[in-house]
Amino acid sequence: MHESDDASDLALMARVARGDEPAYRQLTRRHLPAMLGLARRILGNAADAEDVAQEAMLRVWTHAPRWQPLAAFRTWLTRIVVNLCLDRKRRARWVDLEAAGDIVDPAPTAGEAAEQDEREKLLTAAIADLPARQRTAIVLTYSEGMSNAQVAEILETTVSAVETLLIRGKQNLRQRLGDVIDKDD
Amino acid sequence: MTEDRLDKLLHKTLKREEPAPADVDRVLKRLAGRLPRQRFALWRLPNVLLDWQFAPAWPRVAALACCAALGFFIGIAGVDRHLSRSGYIAGGGGLGTIVFEPDPLTGARP
């Protein structure tokens, strides 16, 4: 994200904190697509991702007067989305697995899903099976292109803990996919 | 599987894709309704007071000066004395003029 965008976000947030609704709408239009995509990649479910994105943007409005620009707005918003996703994952753990059905493919359209090769499909399913924090660390690193320090800030943990999450996540993926992918190559 | 191959595959599989505009519009529509009340923190109150502008606003200063001048001229001209004289109550002999006169005791009973 450009510094000018961040400065503009800060200016908009200052207006939102004073109850300026048009500023809030502008901020929402700017960040909603990215946050919706992130929630979809973490949750692997389009409907849940929409709920999370909506809830996150509402929290921006309600918490704006309390917000202090200690971090970039984007980082703060990403943290809200990630926390909401992790909460939802935690709650989903109590759902009967048989009733929950198959894991939904996070790809948004059928055409794009058809283009994915077999390995990518397997990897997507394997990522969906990872523990929530490992999965979140992997999505933030590989999809959002964040550094370990940024991921640590969002997950409210240390850089070494993020490194551990990534190592364990990749170990789990290798255990599950290793044979299949090695055969293909 | 080597580390590099897994990294490449992860980058490829998790490549950042923006959601479809229709999906974004659907969420925007859900947010288009009336927004909830914002939450204000009590610890922000001292900041509000510190940010308060105490510099005088000139229209208010002019209004205050006009009121002060009007009061001064009313006092000089004695308009208030004329008003108080016209409403003067006659027969004011002080507290001594107030007599407590109870009913006479006749011994008769009703």
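So, a helix here means a DSSP run of H or I that is at least four residues long, numbered from the N terminus. With that in hand, let's walk through this one, which is a predicted model. Read along its sequence, chain A goes α-α-α-α-α-α-α-α-α-α. In other words, chain A has 10 helices and 0 strands.

How much of chain A is buried? Of its 185 residues, 32% count as buried. And if you take the contacts in chain A with a separation of 6 or more, 65% of them join residues 24 or more positions apart.

Okay, the core. The largest nonpolar core has 47 residues, and the members that touch the most others are A:M35, A:A39, A:V52, A:A53, A:A56 and A:V81. Which helix gives this core its largest share? That's α2 of chain A, residues 21–43, with 10 residues. The core also draws at least three residues from each of domain 1 (1–104) and domain 2 (108–185) of chain A. As a bit of background, nonpolar side chains in soluble globular proteins tend to be buried together.

Let's zoom in on one of those members, A:A56. Leaving out residues up to four places away in sequence, A:A56 touches A:M35, A:L77, A:I80, A:V81 and A:L84.

α2(A) has a kink of about 45° at A:H31, shortly before the proline A:P33. After the helix comes A:G44, with a positive phi near 70°.

Also in helix α2 of chain A, you'll find A:T28. Why does A:T28 count as buried? Because 24 other C-beta atoms lie within 10 Å, and the cut-off is 20 or more. What does A:T28 touch? Again skipping residues up to four places away in sequence, its partners are A:M57, B:L28 and B:L31. Have a look at A:W61 as well: A:T28 and A:W61 sit 33 residues apart in sequence, with 9.6 Å between their C-alpha atoms.

Those chain B partners bring us to the contact between the chains. Chain A puts in 38 residues and chain B puts in 27 residues. On the chain A side, α2, α3 (46–63), α7 (118–129), α8 (132–142) and α10 (159–184) each supply at least two residues. What sort of residues are on that side? They split into 17 nonpolar, 10 polar and 11 charged.

Notes
Residues numbered from 1 in each chain as written. Chains lettered and ligands numbered in written order. Predicted model: local features only at pLDDT ≥ 70, side-chain atom pairs only at ≥ 80, totals over all residues. Core = buried A, V, L, I, M, F, W, Y, C linked by C-beta atoms within 7 Å. Buried ≥ 20, exposed ≤ 12 C-beta atoms within 10 Å, placed from the backbone. Domains from an automatic or database assignment. Contact = placed C-beta atoms within 7 Å. Bend = angle between axes of the 7 residues up to and from the residue. Nonpolar A, V, L, I, M, F, W, Y, C, P; charged D, E, K, R; others polar.
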